[in-house]
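Hello, and welcome to this structure.

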Amino acid sequence: MPQSLPLVLVAALFLWAGMVGGISFLEAPLKFTAPHITVPLGVGIGRIVFHALNKVEIGLCALAIISALYLRPDRRVWAGLAALSFVVVLQTFWLLPALDVRAEALLSGNPPPPNSLHLLYIVAEAVKLLLLLGTGALAYFTLNRQTLNAQRRRVQHA
């Protein structure tokens, strides 16, 4: 196993966490406080940003899973990766398209009736951020322990 592979998994998870935190919990709410940003303009910008974030998330999720296939971390890390994958699939194939329909209606001058999709997306982002931080920390500590144990075994057999 290449020594840098654990770093790839951990870095992918923490980079992803930073992007979710920065975009979902900093940029998105702040954009609506900027001068001259109307709700339709903010919604249009948000659609572009969140679709780009989603594409990067799919790539980082794939990178994390591929590196985990080689690393074979313990099942807690796999559980975190599975939960993260579920959230990304849910957002990609259900929440983002449903929010797009609402955004299109708003942008065409037909504001849709209130519903809880936006709140559900925010909750999914919060859950995803916690999963990323927890899974990243678990991966770091368990893979670090595995590496140290492998080094000890090599020293004992030498």
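1. Let's begin with Glu-27 and Lys-31, whose side chains meet in a salt bridge (3.4 Å, N to O). The term salt bridge is used here for a side-chain nitrogen of Lys or Arg within 4 Å of a carboxyl oxygen of Asp or Glu. Glu-27 and Lys-31 are four residues apart in helix α1, so about one helical turn separates them. Helices here are DSSP runs (H or I, at least four residues; strands are E, at least two), numbered from the N terminus. Glu-27 is partly exposed, with a relative accessible area of 25%, whereas Lys-31 counts as buried at 10%. For these words, buried means under 20% relative accessible area, exposed means over 50%, and partly exposed lies in between (1.4 Å probe, protein chains only).

2. **What you are looking at.** This is a predicted model, in which local features need pLDDT of at least 70 and side-chain atom pairs count only at pLDDT 80 or more, while totals for chains, interfaces and linings use all residues. Residues are numbered from 1 along each chain as its sequence is written, and side-chain values use heavy atoms, with hydrogens and water left out.

3. How many salt bridges does the structure hold? The count is six. In general, side chains of opposite charge can pair when their charged atoms come close. One of the bridges joins Arg-76 to Asp-74, with the closest N and O atoms 2.8 Å apart. Arg-76 counts as partly exposed at 44% relative accessibility, and Asp-74 counts as partly exposed at 23%.

4. Are they buried or exposed? Glu-125 counts as buried at 1% relative accessibility, and Lys-128 counts as buried at 0%.

5. **How α1 meets α2.** Two packed helices are described by the angle between their axes and the distance between the axes. Helix α1 (residues 5–31) and helix α2 (residues 39–71) have axes that come within 9 Å and cross at roughly 165°. The axes are lines fitted to C-alpha atoms, for helices over the stretch in contact, and the angles run from 0 to 180 degrees between N-to-C directions. α1 and α2 are therefore roughly antiparallel to each other. On this scale, angles under 35 degrees count as roughly parallel, over 145 as roughly antiparallel, 65 to 115 as roughly perpendicular and the rest as oblique. The crossing of α1 past α2 is left-handed, a word used if the near helix is turned anticlockwise from the far one by less than a right angle (right-handed if clockwise).

6. **How α2 meets α3.** The angle between α2 and α3 is about 160°, and their axes are 10 Å apart. α2 and α3 are therefore roughly antiparallel to each other, and α2 passes α3 in a left-handed crossing. Thr-92 lies in helix α3 (residues 75–107) and is buried, with a relative accessible area of 17%. Between Thr-92 and His-51 there are 8.7 Å in space, C-alpha to C-alpha, and 41 residues in sequence.

7. **A nonpolar patch.** Which residues form the nonpolar patch on the surface? They are Phe-25, Trp-94, Leu-119, Leu-120, Ile-122, Val-123 and Val-127, with about 590 Å² of accessible area together. Patches are made of residues with over 30% relative accessible area and no salt bridge, joining like charges within 9 Å and nonpolar side chains (Val, Leu, Ile, Met, Phe, Trp, Tyr) within 5 Å. Accessible areas come from the Shrake-Rupley method with a 1.4 Å probe, and for residues only the protein chains shown count as cover. Helix α4 (residues 117–157) gives the most to the patch, with five residues.

8. Val-123 is found in helix α4 and is partly exposed, with a relative accessible area of 43%. The C-alpha atoms of Asn-149 and Leu-30 are separated by 46 Å, with the residues 119 apart along the chain.
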